[in-house]
Amino acid sequence: MSEITSPAKSAVQYGVFFGVIMVLEFVILYIIGIDTITNPAIGIVINILNFFALPILFITLACINFKKKNNGVISFSQSLKAGVTTAFIAALIYALFTVIFNLIFPEFTQEMLEKTRTMMTERNPNMSQEQMDMALSWTEKFSSPFIVVPFTLAFYSFVGFIYSLIIGAILKNDRPQGY
C-alpha cells in the first residue's frame, strides 16, 4: 500500500520543473539574443508553451502522480489543489527570477522599452508623442516587481485553476462507497 500524501505536496516537484523550464526558456533566448518584441513568432511559440502546453502537461503529471500515490483515487477538489499548486509554484519561481534578473541587469528593462518604442512607431506611425509616452509609462509600471510578482502569481494560478477544472473532470476517480 503506497503512502497517502497531500495533493499540494505531490504537485510541488512538477511546479518546480515547470518554473525552471520557463526560466531556462528566458535565459536561452536572452543568451542567443532573441527577444519576443522584435520576433513575434518566437513570442507566440513561447506563449503557447508557457500558457497552454506546459501547464496542461505538468498539471496532468501532478494529478496522475497524486492519484498513483493515493491508491488510484483523486477527487475533483484534489485535482484543483494539485493543479493550482503546480501553476503557483512555477509562477513563483519565474516571477522571482524575473525580479532578480532585472536587479542584476537593470538595462534589460530599458532595452525592452526602446524596442517597444521602435515597434510601436513602425506599426503605428501616426501615434502622437503623448500617446507613445503614456503607453511606455504603463509598460514600465507593469515591469515593476511590485506589479510583476503578484500579477504573475495571480495569472498563472488562474490558468492552473482553469486547466485543473478540465483535467480534474477527466482524471477524477472518487473512493468507492463504503471504503
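Could you start from serine 157: is serine 157 buried or exposed?

Author: Happy to. Please keep in mind that this is a predicted model.

Serine 157 sits in helix α6. Its relative accessibility is 16%, and because the cut-off for buried is under 20%, serine 157 counts as buried. Apart from neighbours within four places in sequence, serine 157 is in contact with Val84 and Phe88.

Helix α3 covers residues 76-104 and α6 covers residues 145-171. In general, two packed helices are described by the angle between their axes and the distance between the axes. For α3 and α6, the axes come within 7 Å and cross at roughly 155°. That angle makes α3 roughly antiparallel to α6, and the crossing of the two is right-handed.

Now follow α3 to leucine 103, which is found in that helix. With a relative accessibility of 64%, leucine 103 counts as exposed, because the cut-off for exposed is over 50%. Leucine 103 and proline 145 are 42 residues apart along the chain, and their C-alpha atoms are separated by 9.7 Å.

Elsewhere in α3 we find alanine 90. Alanine 90 is buried, with a relative accessible area of 0%. What does alanine 90 touch, not counting residues up to four places away in sequence? The list is Gly15, Phe18, Gly19 and Met22. For one of these, glycine 19, the C-alpha to C-alpha distance to alanine 90 is 3.7 Å, although the two are 71 residues apart in sequence.

Phenylalanine 18, another residue that alanine 90 touches, has a list of its own. Leaving aside neighbours within four places in sequence, phenylalanine 18 is in contact with Asn50, Leu54, Pro55, Phe58, Thr86, Ala90 and Tyr156. Asn50, Leu54, Pro55 and Phe58 are among the α2 residues that make the contact with α1, and Phe18 is among those of α1.

That brings us to the packing of α1 against α2. The two helices pack at an angle of about 160°, with their axes 9 Å apart. Therefore α1 is roughly antiparallel to α2. Their crossing is right-handed.

How many residues does the largest nonpolar core have? It has 29, and those with the most contacts inside it are Phe18, Met22, Cys63 and Ile167. Helices α1, α2, α3, α4 and α6 each supply at least two residues of this core. The helix that gives the most is α3, with 8 residues.

In general, side chains of opposite charge can pair when their charged atoms come close. The structure holds 2 salt bridges. In one, the side chains of lysine 115 and aspartate 35 meet, at 2.8 Å from N to O. This pair links distant parts of the chain, 80 residues apart: lysine 115 is in helix α4 (residues 107-123), while aspartate 35 is in the loop between α1 (7-32) and α2 (40-69).

One last stop is the loop between α2 and α3, where asparagine 71 has its place. Most residues other than glycine have a negative phi. Asparagine 71 is not a glycine, yet its phi is positive, about 55°. At 31% relative accessibility, asparagine 71 counts as partly exposed.

Technical notes:
Residues are numbered from 1 along each chain as its sequence is written. This is a predicted model: local features need pLDDT of at least 70, side-chain atom pairs count only at pLDDT 80 or more; totals for chains, interfaces and linings use all residues. Side-chain values use heavy atoms; hydrogens and water are left out. A salt bridge is a side-chain nitrogen of Lys or Arg within 4 Å of a carboxyl oxygen of Asp or Glu. Helices (H or I, at least four residues) and strands (E, at least two) are DSSP runs, numbered from the N terminus. A nonpolar core is a set of buried Ala, Val, Leu, Ile, Met, Phe, Trp, Tyr and Cys residues joined through side-chain atoms within 4.5 Å. Buried means under 20% relative accessible area, exposed over 50%, partly exposed in between (1.4 Å probe, protein chains only). Contact means heavy atoms within 4.5 Å. Axes are lines fitted to C-alpha atoms, for helices over the stretch in contact, and angles run from 0 to 180 degrees between N-to-C directions. Angles under 35 degrees count as roughly parallel, over 145 as roughly antiparallel, 65 to 115 as roughly perpendicular and the rest as oblique. A crossing is left-handed if the near helix is turned anticlockwise from the far one by less than a right angle, and right-handed if clockwise.
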